[in-house]
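Here is a short briefing on one protein chain. Keep the sequence and the 3D view open while reading.

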Amino acid sequence: MYRVLVATLLLALYVSTTTSTTWQKTNCTTFEHNGKKLPVTDKASCRTACEGKGITKEINGRLEDYKKKCEGSECQCLKAANSYEGVCRDSTYCSGGNTAVLSVFLAACLAYWVM
């Protein structure tokens with residue numbers, strides 16, 4: 001039973017460390033596109049970064065999706081209804097990625113306790 005718990009924890013750790021995409025590893029304050037520096041620090045600069053990437057068509061009056069959490073920022077561009085293209089995410093941005101790891105860990109502990 002101990003092996004199942006350890007295997008589940010290792011799988012959760014692997015998934016949590018390999019699921020982020022390249023744009024999520026791009027720092028917003030040092031964002032560049034085609035050699036042009038476009039630091040993203042607020043909603044307006046997020047919009048500028050989207051336009052710099054060639055995304056200029058607003059969807060329902062929106063073009064950019066800028067969020068600031070903890071000490072970091074995240075910028076995504078709206079390509080279609082409910083479809084985004086990521087621009088950048090600071091390493092200090094607090095995301096819910098750890099929630100998935102915690103959920104798997106709790107499920108593994110519950111399974112271990114029941115068995």
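Two strands count as paired when DSSP finds at least two bridges between them. By that rule, β3 pairs with strand β4 (residues 72–80) in the antiparallel sense, over six bridges. The model is predicted. Its mean pLDDT is 77, and 63% of the residues reach 70 or more. Four disulfides are present.

**The sheet**

- Three strands make an open sheet in the order β3-β4-β5, and the pairing is antiparallel.
- β3 (64–69) and β5 (83–89) are the edge strands, and each has a single partner, so one side of each lacks a neighbour in the sheet.
- From one strand to the next, the twist averages 25 degrees.
- β4 and β5 also pair in the antiparallel sense, over six bridges.
- β4 is mostly covered, with seven of its nine residues buried.
- In a regular strand, side chains alternate between the two faces of the sheet.

**Bridge partners and turns**

- Between β3 and β4, Lys-69 stands opposite Gly-72.
- Lys-67 has Glu-74 in β4 as its bridge partner.
- The β3 and β4 hairpin has two residues between the strands, and Cys-70 there takes a positive phi near 55 degrees.
- The hairpin of β4 and β5 has two residues between its strands, and Asn-82 in the turn has a positive phi of about 65 degrees.
- Cys-75 has Cys-88 in β5 as its bridge partner.

**The helix over the sheet**

- Helix α2 (residues 43–52) lies across β3, β4 and β5.
- Helix α2 runs at about 135 degrees to β3.

**Disulfide Cys-46 to Cys-75**

- The sulfur atoms of Cys-46 and Cys-75 are 2.0 Å apart.
- With 85 degrees about the S-S bond, this link is right-handed.
- Both Cys-46 and Cys-75 are buried.

**Disulfide Cys-28 to Cys-88**

- Cys-28 and Cys-88 form a disulfide with their sulfur atoms 2.2 Å apart.
- Cys-28 sits in the loop between α1 (2–18) and β1 (32–33), and Cys-88 sits in strand β5, so the bond ties together parts that are 60 residues apart in sequence.
- The torsion about the S-S bond of Cys-28 and Cys-88 is about 100 degrees, so this disulfide is right-handed.
- Cys-28 and Cys-88 are both buried.

**Disulfide Cys-70 to Cys-94**

- Cys-70 is joined to Cys-94, S to S 1.7 Å.
- This pair links distant parts of the chain, 24 residues apart.
- Cys-70 is in the loop between β3 and β4, while Cys-94 is in the loop between β5 and α3 (97–114).
- With -115 degrees about the S-S bond, the link of Cys-70 and Cys-94 is left-handed.
- Is Cys-94 buried or partly exposed? Cys-94 is partly exposed, with a relative accessible area of 32%.

**Pairing pattern**

- A disulfide is a covalent bond between the sulfur atoms of two cysteines.
- With the bonded cysteines numbered in sequence order, the pairing reads 1-7, 2-5, 3-6, 4-8.

- Which residues have pLDDT under 50? Residues 11–19 stay under 50.
- For residues 11–19, the model has four contacts beyond four places in sequence.

Conventions: Residues are numbered from 1 along each chain as its sequence is written. This is a predicted model: local features need pLDDT of at least 70, side-chain atom pairs count only at pLDDT 80 or more; totals for chains, interfaces and linings use all residues. Side-chain values use heavy atoms; hydrogens and water are left out. Helices (H or I, at least four residues) and strands (E, at least two) are DSSP runs, numbered from the N terminus. Axes are lines fitted to C-alpha atoms, for helices over the stretch in contact, and angles run from 0 to 180 degrees between N-to-C directions. Contact means heavy atoms within 4.5 Å. pLDDT is the predictor's confidence in each residue, from 0 to 100. A disulfide is a pair of cysteine sulfur atoms within 2.5 Å. Buried means under 20% relative accessible area, exposed over 50%, partly exposed in between (1.4 Å probe, protein chains only).
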